[in-house]
Amino acid sequence: MYARRRHVYFAMMGTCIALFVLAWGVVRLWSVPVAVGMCVVAMVIPPLAAMVANRRGPDDRWWDDPSGDPKSDEWWDELDGKRRPQ
């Protein structure tokens, strides 16, 4: 899952860079408003790419989820202060 999210992130960021380069290298020669519009679209892509890259996947383990290993869960609960050691 992580590799797929990483590939999508890099594809989105590559599209962002390509939009900027094409807008001011090629499109501005014909239409400045279209080039500005392309830059506005490119401006929206990085925050969306960050959301995609940091989205929680179904197989991701997060700090508050039990792992299924009782010893590990007991250790993390002790560190988080949820249970006192006996």
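Accessible areas come from the Shrake-Rupley method with a 1.4 Å probe, and for residues only the protein chains shown count as cover.

Notes on the model. I am working from a predicted model, in which local features need pLDDT of at least 70 and side-chain atom pairs count only at pLDDT 80 or more, while totals for chains, interfaces and linings use all residues. Residues are numbered from 1 along each chain as its sequence is written, and side-chain values use heavy atoms, with hydrogens and water left out.

Entry on the fold. I found 3 helices and 0 strands, in the order α-α-α along the sequence. Helices (H or I, at least four residues) and strands (E, at least two) are DSSP runs, numbered from the N terminus. I noted that 16% of the 86 residues are buried. Buried means under 20% relative accessible area, exposed over 50%, and partly exposed in between (1.4 Å probe, protein chains only). I also looked at contacts, that is, heavy atoms within 4.5 Å. Of the contacts with a separation of 6 or more, 46% are between residues 24 or more positions apart.

Entry on helix 1. Helix 1 has 24 residues and reaches 34 Å from its first C-alpha to its last, close to the 34 Å expected at 1.5 Å a residue. The expected span is 1.5 Å times one less than the number of residues. Its buried residues are Arg5, Cys16, Leu19 and Ala23, and their cover includes helix 2.

Entry on helix 2. Helix 2 has 22 residues and spans 32 Å between its first and last C-alpha, close to the expected 32 Å. I list Ala35, Met38, Cys39, Ala42, Ile45 and Ala49 as buried there; what covers them includes helix 1. Alanine 35 touches Ala23, Trp24, Val27 and Arg28, not counting residues up to four places away in sequence. Glycine 37 also lies in helix 2, and is partly exposed because its relative accessible area is 32%. I took its C-alpha separation from leucine 19, 18 residues away along the chain, as 9.9 Å.

Entry on the core. Which residues form the largest nonpolar core? It has 9 residues: Cys16, Leu19, Ala23, Val27, Ala35, Met38, Cys39, Ala42 and Ile45. Helix 1 and helix 2 are the elements that give two or more residues to this core, and helix 2 supplies the largest share, 5 residues. A nonpolar core is a set of buried Ala, Val, Leu, Ile, Met, Phe, Trp, Tyr and Cys residues joined through side-chain atoms within 4.5 Å. In soluble globular proteins, nonpolar side chains tend to be buried together.

I then found a nonpolar patch of about 1,000 Å², made by Ile17, Phe20, Val21, Trp24, Val32, Val36, Val40, Met43, Val44, Leu48 and Met51. Helix 1 (2–25) and helix 2 (32–53) are the elements that give two or more residues to the patch, with helix 2 giving the most, 7 residues.

Isoleucine 17 lies in helix 1 and is exposed, at 54% relative accessible area. Methionine 43, in helix 2, counts as exposed because its relative accessibility is 56%.

How values were computed:
Patch = residues over 30% accessible without salt bridge, like charges linked within 9 Å, V, L, I, M, F, W, Y side chains within 5 Å. Salt bridge = Lys/Arg side-chain N within 4 Å of Asp/Glu carboxyl O.
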